[in-house]
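Dear colleague,

Please find below the structure that I am handing over to you. My notes on it follow directly after.

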Amino acid sequence: MNTVKLTINGKQYEIEKGTFVLKACSDIGIDIPTMCHDERLVPSGSCRLCQVEVEGWGKLHTACTTQVKEGMVIHTHSEKVVKARQDLLDMLISNHPLDCLTCESAGACKLQDLCYEYGITEGTYRWEMSKPYYDDTNPFYTFDASKCILCGLCVRVCDELQGTNAIGFENRGFETLVATPFGEGLENSTCVSCGNCVSVCPVGALEPRSKMKFRQWEIETTRTTCSYCGVGCQMDLKTKNNRVVGVEPAFDAHNEGLLCVKGKFSYNFLSHPDRLTMPLVRKDGVLVETTWDEAYNVITSKMKQTKEDFGSDSFAGLTSARCTNEDNYMFQKMFRSTLGTNNVDHCARL
Amino acid sequence: MEFKFDKEENKEQIVAFMEFLDSKKNTPGPLMPSLQRAQDVFGFLPKEMLETISKELSIPMAEIYGVATFYSQFSFVPTGKNKVSVCLGTACYVKGAQSILEEIESQLGIESGETTVDEVFSIAAARCVGDCSIAPVILVNEDVYAKVKKEDITEILAKYN
Amino acid sequence: MITKEKLFEIKEKTKPSLVEKLLEGDRVEFRGDDLVLKGEYYKKQVRIALKNCDIIDPTDIDEYIAFDGYFALLKALTEQEPGDVVAEITESLLRGRGGAGFPTGRKWNEAYKFDADKKYIICNADEGDPGAFMDRSILEKDPHSVLEGMAIGGYAIGSDQGYIYVRAEYPMAVKRLEIAIKQAKEYGLLGNNIFGTGFNFDIELRLGSGAFVCGEGTALMESIEGRRGMPRPKLYRTAHKGLWGKPTIINNVETLANVPAIMNKGAKWFRSIGTEESPGTKVFALVGKVENAGLVEVPMGMTLREIVFDIGGGAQDGKEYKAVQTGGPSGGCIPADLIDTPVDFESLGKIWSIMGSGGMVVMDENTCMVDIAKFFLDFSVDESCGKCVPCREGTKRMHEILDRITKGEGVEGDIERLENLSKTVSSTSLCGLGQTAPNPVITTIKYYRHEYEAHIKDKSCPAKSCKALIKYEITDDCIGCTRCAKVCPVVAITGKVKEKHLIDQAICIKCGACYDVCPVDAISII
């Protein structure tokens, strides 16, 4: 392996050539703050919070865009660096509403966490604020520009990973805004509601709509596999009182932090009162709850009877994209060899 | 304000513009020259033409919109043939410039920063133009009108119609 | 295809009659072998980049050829290897004239050494500093010198495609360039197989659309590629991965205009002009409150005094000279007591200013330094691309503080707040625009702190320029002509005919109309 030797915060390390300082530090357990970086995206270097001091290199350098070099001496939390981060956070919070008490993202907000860590209170420069803009046209999530810190993650995820390009930047300088073309709203854009922008928003600008009120620290998370299709995306269900209140994509799985609209937002049926949780069997014209054993017995006996009375081709089977390949294979196998018909199809083919 | 872009009236220009887009299809970096051409030909960037550019050059609309709003020379609203500037500097303001602006807005049926549908007038509020001694002042293109009264507006605008 | 013989033929055919015609016009004279503009203003100037400006007809390629135009390209293509050209430019120590002063030869060498199937050379003609028009003049008055410089650069680094990125606000420059490119193509000086050497080089014009930040190299490339002009983080060197990911060289107009002269006369000659570390000349746009405004090209190392007083004639209207601002919104104000500073990259850097692209704004006693800082910050706020936090949020806050100081609403601690913001914005911004935006504030605080303090503590503007902090009063010289009372838009002036008038300060809006109209200068600003 091609490596370089360097010093970070007084300790010697040997790190693979071409690694960015931010990644190198995170690998060895040094936490450098950043609001705009995402390993999956081209580094943008826009939030400037990850700046570090490199001895002999003059001004500060952003760790997300600087590669490790032989002999580098890096300080990730020197006085100069900490001061710069404090000033940058001061600038950000000065142009941000202080409504953490009612903000859904409180407790899961990077700006809040970093201001806490670096000791920034309400902001020195609470003068002109960015123009308010609120987009609530999407059925699954909302966008509040006043909370947006313009890190650009949503725009870049939509472009680089999702390939939808529904949102972009509008205007420039202090007037810059994340927006859909002509400000016509997400509903009227090419947005597919995948919510991958929502998943990366470090603050409360992009928020999923929720039917239930909850605080971020009240929730439990449970890793599970999305059951909407056979891809098997991993995700963390956020639950409060045993009720799902949100979904976050898993970053350490093959879906690499991405989900689709179904995985991200379609969980309300789980606790819907109409949802079937027990098998039902019709007795004397009325559906009544029963056991799985009884239900299977009813199914098999009726199938046998039907095959005898009307023949194999009286059956037709339709299976679902929500099942795995293995399940689908078994289903068609059952139809072909047990029931003896080729009348079997799959919804994804439609 | 929703601005109507008359495709029928601009038929010839659109054909020429489509030819231009065709010639740019296989060249690197065609977006800026295309937007510049559109701005030049139509006097502003009609939404319909941006959609055409998006389709022809296979560039997402969000990207085009981002570029169009970044550069100050692009505009989504045509400027009228005559530009009415109302000075809102202190001297003019205390002499009633605001009510003069409102009068012009109501007569033309548009607000400051907008253009009339027939593209004859657009209104702009100006910072101090340095003619305080003859306040309140309005400018129509290069012509300066001094000590303007609300009653004068109809007559002044009529000269340019 | 053009040949060596053909080029000589054009020169010999055009030059004698052209020289004769020019001498008849009495605007030019010989200085050694060179034809230069006549007059006191030009005596101390040494013109290399501007040598043809106002002398030849920029729309006639023959006139450019008459004064050795395209002979440098001929020499490079027929007598030198690309490596030799790079070595010659490196040897000349030519430094980028766009502002930063990076050695051109080193830049070229990086791209020359880097192997790639396609390379680009870009001429940065997005001159945007307020008050600067050096590049515009070269483009409008001697466009071929830039084309020739680019072709030589293209040959040196192995590029066959050049782009000129011109700001849209220069329609005449665009027109002249279009004509020049067309003529050069017709002669075969651009295109395929130039001088029969097998070297191909083409140039395409690309226009800006009103974004100052596109003068920054990476933003400029983003713009050519068709995106928002937002600077890229420097993950790679432009000379290795630039436009469309290919090795790219970006040179400023004036830099390129120097190239043919260096190739013709040699690196040694070039280094005999200017200073050891900054050889050659620099073009400045001398503007503001100066007697003789205009373009000046002087050897590096000439003092500000020589430029402002000997050439520029000092402050206008006999007013007291106060400062000069160099480098536009990225530069700083240089106070009168540093007037003997030599103008070169190092010396200006030492006094917190920069050479910049060449804007030189002269200020007199009536210029308020806080107001000047506000003017430049206003510009930077408007032109910030909005990508990075310090430039987007920080310059805005600096402008807000400066604005309230000039309005007499400054509070204790504002100077320190400005200093703190300046430090953060300059040390943490992504690109040059943000990193240098605080310079006008830093230098004015450094040299004119007392003016800031006067605004904040005494609520007064020493230069008597900030409206909110001045008062108009009528002195005993008043003859009672009533003119002031008549022009006052708010009827703040009262008085009888032939008696001294009085301004009611509570009503006065300080528009200055009375001051302008008084026939006996009886109105004073205090």
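**Contact between chain A and chain C**

Between chain A and chain C, 19 residue pairs are in polar contact, both residues being at pLDDT 80 or more (a pair of N or O atoms within 3.5 Å; within protein, one must be able to donate a hydrogen and the other to accept it, and residues adjacent in sequence count only if both atoms are side-chain atoms). On the side of chain A that touches chain C, the elements giving two or more residues are α2 (79-94) and β8 (168-170) of chain A (DSSP runs numbered from the N terminus: helices are H or I, at least four residues; strands are E, at least two). Of these, α2(A) supplies the largest share, seven residues.

This is a predicted model, in which local features need pLDDT of at least 70 and side-chain atom pairs count only at pLDDT 80 or more, while totals for chains, interfaces and linings use all residues. Residues are numbered from 1 along each chain as its sequence is written, chains are lettered from A and ligands numbered from 1 in the order in which they are written, and side-chain values use heavy atoms, with hydrogens and water left out.

Two salt bridges link chain A and chain C (a side-chain nitrogen of Lys or Arg within 4 Å of a carboxyl oxygen of Asp or Glu). One of them joins the side chains of C:K396 and A:E128, at 2.9 Å from N to O.

The contact (heavy atoms within 4.5 Å) draws 32 residues from chain A and 34 residues from chain C.

Yours sincerely
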